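User: I am new to this structure. Please show me how to read its features.

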Amino acid sequence: MERMMEPSLTDIDDMIVHEKMQAALEHQNEAWADGMADGIEPEIIADAAIALAMRETIRLHGEDGAEVMLNSLRERMLAGEFSPQRSIQ
């Protein structure tokens with residue numbers, strides 16, 4: 001009888017991070033919808049979200065860490081990760 005392999009600690013950590021990311025995205029979607037309902041333009045909501053994210057990233061990781069994150073985001077953007085037309089398989 002075959003035994004199913006138990007997930008490793010890394011697998012469990014990855015699952016936890018994924019679940020937290022999903023929850024964070026849900027909170028962001030709710031905040032976005034609230035802003036839209038209050039009549040705030042999407043461009044303003046996006047700018048405010050990015051500004052807050054940058055302030056927090058710099059607070060946590062410094063300017064060099066923020067630059068690394070921005071470079072990573074740029075590469076992901078150019079790869080199409082954030083494109084609305086992108087289909088996730």
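User: Which residue follows α1, and is its phi positive or negative?

Analyst: Helices here are DSSP runs of H or I, at least four residues, numbered from the N terminus. Gly39 follows α1, and its phi is positive, near 90 degrees. The model is predicted: local features need pLDDT of at least 70, side-chain atom pairs count only at pLDDT 80 or more, and totals for chains, interfaces and linings use all residues. Residues are numbered from 1 along each chain as its sequence is written, and side-chain values use heavy atoms, with hydrogens and water left out.

User: What span does α1 reach from its first C-alpha to its last?

Analyst: The expected span of a helix is 1.5 Å times one less than its number of residues. α1 has 29 residues and reaches 42 Å, close to the 42 Å expected.

User: At what angle do the axes of α1 and α2 cross?

Analyst: Axes are lines fitted to C-alpha atoms, for helices over the stretch in contact, and angles run from 0 to 180 degrees between N-to-C directions. The axes of α1 (residues 9-37) and α2 (residues 42-78) cross at roughly 140 degrees and come within 10 Å.

User: Which residues make the contact?

Analyst: Contact means heavy atoms within 4.5 Å. α1 gives Trp32, Gly35 and Met36; α2 gives Pro42, Ile45 and Ala46.

User: How many salt bridges does a search of the whole structure find?

Analyst: A salt bridge is a side-chain nitrogen of Lys or Arg within 4 Å of a carboxyl oxygen of Asp or Glu. The search finds two. Arg59 forms one with Glu56, with the closest N and O atoms 2.7 Å apart. Arg59 and Glu56 are three residues apart in α2, so about one helical turn separates them.

Terms used
Helices (H or I, at least four residues) and strands (E, at least two) are DSSP runs, numbered from the N terminus.
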